[in-house]
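Here is a short report for a reader meeting this fold for the first time. Look over the sequence and the model, then read on.

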Amino acid sequence: METPKKAPRGTRKRDVPLTEDGIYATALRLIDADGVEALTMRKLATALDANPMSLYHHVPNKDAVLRGVARTVGAQFRTATREGAAWQDRLRQLAEDFRRLAHRHPELMTYSFGQPDFIQPEDPFWLGLTATLEDAGVPQEETPQVAAPVCAAVVGVVIAEINGALQRWSALLPGSTTTGDGERPDRGPDDSRMFHLALYMIITGLESQLTAERVGRNGGES
């Protein structure tokens, strides 16, 4: 008995209908494996065993896919705030959880960090950061202006850690030369000493600024 031939990939009817969540999950898997630049709508359709044109019923283009994937990953950020924790501990926990998420998806996060709108007002990290700063004593109307540089500092350190720059810079000595081979030095999410040093400086700097402003409001009295 002759075995029925399968229809070409992408032309036969899928057993499970396409969904945006399914598209984003598959796109994230491809990005984790090969990077953002390697992702195409055709490759995504192949991985989904779908006709490429059927993707456009759910997402208009690759940029929309990337935005959806970024939202999906951002939704994974869920810091459990310790009851009664000091704002310094809460800020430290926020930054550490953000770093762990970035290390789980370094290719996507490196791309996302380069987009000026990758942080949105409803993002869990931003909501947690602004709430923590308000508890630290930052007036609500000034919270975004304080949160912005804090966010930029944390993101900058994480970027430098992911792309190897932080490790390379830490090995530079005055007058030393580099090989210039462009290879990233050994790195890993467990190599966290420099990240925590940077985080300590961010927190202590913020403490100093908040203390100075509080003294100024009280007419110079501590």
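Helices (H or I, at least four residues) and strands (E, at least two) are DSSP runs, numbered from the N terminus. Aspartate 49 sits in the loop between helix H2 (41-48) and helix H3 (52-55). Its phi is near 55°, a positive value in a residue other than glycine. The relative accessibility of aspartate 49 is 21%, so it counts as partly exposed. Buried means under 20% relative accessible area, exposed over 50%, and partly exposed in between, with a 1.4 Å probe and protein chains only.

This is a predicted model: local features need pLDDT of at least 70, side-chain atom pairs count only at pLDDT 80 or more, and totals for chains, interfaces and linings use all residues. Residues are numbered from 1 along each chain as its sequence is written, and side-chain values use heavy atoms, with hydrogens and water left out.

**The whole chain**

The protein chain has ten helices and zero strands. From the N terminus on, its elements run α-α-α-α-α-α-α-α-α-α. The chain holds 222 residues, and buried residues make up 36% of them. Contact means heavy atoms within 4.5 Å. Of the contacts in the protein chain with a separation of 6 or more, 64% join residues 24 or more positions apart.

**Helix pairs**

Axes are lines fitted to C-alpha atoms, for helices over the stretch in contact, and angles run from 0 to 180 degrees between N-to-C directions. Angles under 35 degrees count as roughly parallel, over 145 as roughly antiparallel, 65 to 115 as roughly perpendicular and the rest as oblique.

| Helix pair | Angle | Axes |
|---|---|---|
| H8 (residues 143-162) and H10 (residues 193-217) | about 170° | 10 Å apart |
| H6 (residues 106-113) and H8 | about 135° | 11 Å apart |
| H1 (residues 20-34) and H2 | roughly 110° | within 10 Å |

Take H8 and H10. Their angle is about 170°, and they are therefore roughly antiparallel to each other. On the H8 side, the contact uses Val146, Val150, Ala153, Val154, Val157, Val158 and Glu161. H10 brings Phe195, Ala198, Ile202 and Leu206. By class, the contact of H8 with H10 has ten nonpolar residues, no polar and one charged. Here Ala, Val, Leu, Ile, Met, Phe, Trp, Tyr, Cys and Pro count as nonpolar, Asp, Glu, Lys and Arg as charged, and the others, Gly among them, as polar.

H8 also packs with H6, at an angle of about 135°. That makes H6 oblique to H8. Pro106, Thr110 and Phe113 in H6 meet Val155, Val158, Ile159 and Ile162 in H8. The contact of H6 with H8 divides into six nonpolar, one polar and no charged residues.

H1 and H2 cross at roughly 110°. H1 is thus roughly perpendicular to H2. H1 supplies Gly22, Ile23, Thr26, Ala27, Arg29 and Leu30 to the contact, while H2 supplies Lys43, Leu44, Ala47 and Leu48. The residues of the contact of H1 with H2 comprise six nonpolar, two polar and two charged.

**Single residues**

Which residues does threonine 143 touch, not counting residues up to four places away in sequence? They are Thr130, Leu133, Glu134 and Val138. Threonine 143 lies in helix H8. It has a relative accessible area of 2% and is buried.

Helix H5 (residues 87-104) holds glutamine 88. Glutamine 88 is buried, at a relative accessible area of 19%. Leaving aside its neighbours within four places in sequence, it is in contact with Ile203 and Glu207. A polar contact of 2.8 Å joins the side chains of glutamine 88 and glutamate 207. A polar contact is a pair of N or O atoms within 3.5 Å; within protein, one must be able to donate a hydrogen and the other to accept it, and residues adjacent in sequence count only if both atoms are side-chain atoms.

Glutamate 96 is in helix H5 too. At 21% relative accessibility, glutamate 96 is partly exposed. Not counting residues up to four places away in sequence, it touches Phe195, His196 and Leu199. Glutamate 96 and serine 192 are 96 residues apart in sequence, yet 9.7 Å apart in space, C-alpha to C-alpha.

Threonine 72 belongs to helix H4 (residues 62-74). It is partly exposed, with a relative accessible area of 32%. Its side chain reaches the backbone oxygen of glycine 68 at 2.9 Å.
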